[in-house]
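I opened this notebook to record what I looked up in one protein chain. The entries run from the whole chain to single contacts.

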Amino acid sequence: MIGIGTSIAKAPIINDPSAIGGLVLWYDFTKLDSLRQDRDGTGAVTADDDPVEWARNLANGDAGGNILGSFARSQAAGSQYGGTFKTGGAGGQPYIQFATTDSDNLHGLRSGFIAADATDDGGVASDKFSDVSIDVDNFTYIQVLKHDDAVIEENDMALFINSYPAVGGDTNVLQLNNIKGASTEKFSTGYIVVAGGLDTETSAANDTLDTNPHVIVTRSTPGTNNMTMQVDGVIQTDTDTPDDRTMKFDRATGVTTTLGGSAFLSIGGKFDGSNFTQSWRGGIYETFIYNKFITDDELANLEVYLGNKYGITIS
């Protein structure tokens with residue numbers, strides 16, 4: 001006899017975040033082979049306390065193979081810039097330490113159309129940063145990080161993106177950030193639209209900041225209260241309704257925008273087009289951006305990957 005049974009198909013557990021489509025940015029600071037000591041992309045990172053001035057974007061891209069910059073690097077050479085490779089973090093994983101004090105605001109890695117030739121800073125061509133488009137109401141942003149203390153001295157930023165809207169004129173700019181709020185002592189993710197005025201939309205904010213490593217997930221999809229934040233798997237109570245706007249990164253030479261005149265991003269601090277101004281006081285392990293709303297099943301499997309990797313309990 002041949003026994004015939006039934007089974008319930010389950011989504012495969014994700015061991016590689018690029019198994020989920022739409023991954024346009026993935027910096028994994030636990031992977032030594034993606035890091036370099038020098039901002040020209042040379043000098044292997046091999047040991048605790050090595051400087052990190054260059055990192056490779058590991059994303060495999062959207063349907064067109066587009067990624068949000070091929071690499072990020074420090075503002076300049078020197079120990080006061082970039083970050084420091086540290087071993088023995090959460091789950092035994094390494095990470096990059098950025099600022100160590102609240103007055104230390106030059107650390108961070110940035111990528112974009114910053115110099116005369118965008119390819120100097122990871123751009124796809126000399127006159128543009130990237131062909132990626134991200135809809136504010138259809139994206140996913142994830143960061144694994146820790147902060148060094150729970151006392152708020154000033155804002156510091158773990159991610160900053162400067163782009164421009166697909167419509168509205170050359171002087172518009174659309175910014176996305178992940179920030180530690182000085183007044184709320186919480187993580188928050190939000191975006192600011194400058195279009196002849198200022199329109200601030202902020203997603204959920206988590207409970208009081210602490211020094212533990214956390215998995216911060218912001219997802220956005222069309223509809224009322226559909227920009228949400230999860231902290232270690234717990235959905236936060238504050239939500240927003242995202243605007244129907246598109247973040248563009250392919251601005252060409254000769255057209256100006258706010259903040260440095262072009263599209264760029266920074267990890268581990270806020271880059272204003274010329275300098276870092278608000279460095280993250282703590283360590284960052286990984287940063288992901290998908291230019292789509294990843295499904296609940298995709299997120300659940302990705303959280304298994306992150307929870308196992310970093311020893312973080314994700315509800």
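**Entry 1: the chain as a whole.** I note at the outset that this is a predicted model. I counted one helix and 22 strands in the protein chain. Of its 315 residues, 54% are buried. I then looked up the accessible surface, which comes to about 12,500 Å²; carbon and sulfur atoms account for 48% of that area. Turning to contacts between residues at least 6 apart in sequence, I found that 66% join residues at least 24 apart.

**Entry 2: helix α1.** I located helix α1 at residues 296-310. Its 15 residues reach 21 Å from the first C-alpha to the last, close to the 21 Å expected at 1.5 Å a residue. I next asked which residues of α1 are buried. They are E298, L299, N301, L302, E303, Y305, L306, G307, K309 and Y310. The cover over these buried residues includes strands β1 (23-28), β10 (139-147), β15 (214-220), β16 (227-231) and β22 (282-290). Just after α1, I recorded a positive phi of about 65° at G311.

**Entry 3: a salt bridge from α1.** I found twelve salt bridges in the structure. In one of them D28 pairs with K309, and the closest N and O atoms are 3.0 Å apart. Because D28 belongs to strand β1 and K309 to helix α1, this pair ties together parts that lie 281 residues apart in sequence.

**Entry 4: the partners of D121.** Which side chains meet D121 in a salt bridge? I found R73, at 2.9 Å from N to O. This pair links distant parts of the chain, with D121 in the loop between β8 (109-112) and β9 (133-135) and R73 in strand β5 (residues 71-73), 48 residues apart. I also found R110, at 2.4 Å from N to O. Here the link runs from strand β8, which holds R110, to D121 in the loop between β8 and β9, eleven residues apart. For burial, I noted a relative accessibility of 1% for D121, 14% for R73 and 6% for R110. D121 counts as buried, as do R73 and R110.

Key:
Residues numbered from 1 in each chain as written. Predicted model: local features only at pLDDT ≥ 70, side-chain atom pairs only at ≥ 80, totals over all residues. Heavy atoms only, no water. Helix = DSSP H or I, 4+ residues; strand = E, 2+ residues; numbered from the N terminus. Expected span 1.5 Å × (residues − 1). Buried < 20%, exposed > 50% of the residue type's maximum accessible area, 1.4 Å probe, protein only. Contact = heavy atoms within 4.5 Å. Areas by Shrake-Rupley, 256 points an atom, 1.4 Å probe, with all protein chains shown as cover. Salt bridge = Lys/Arg side-chain N within 4 Å of Asp/Glu carboxyl O.
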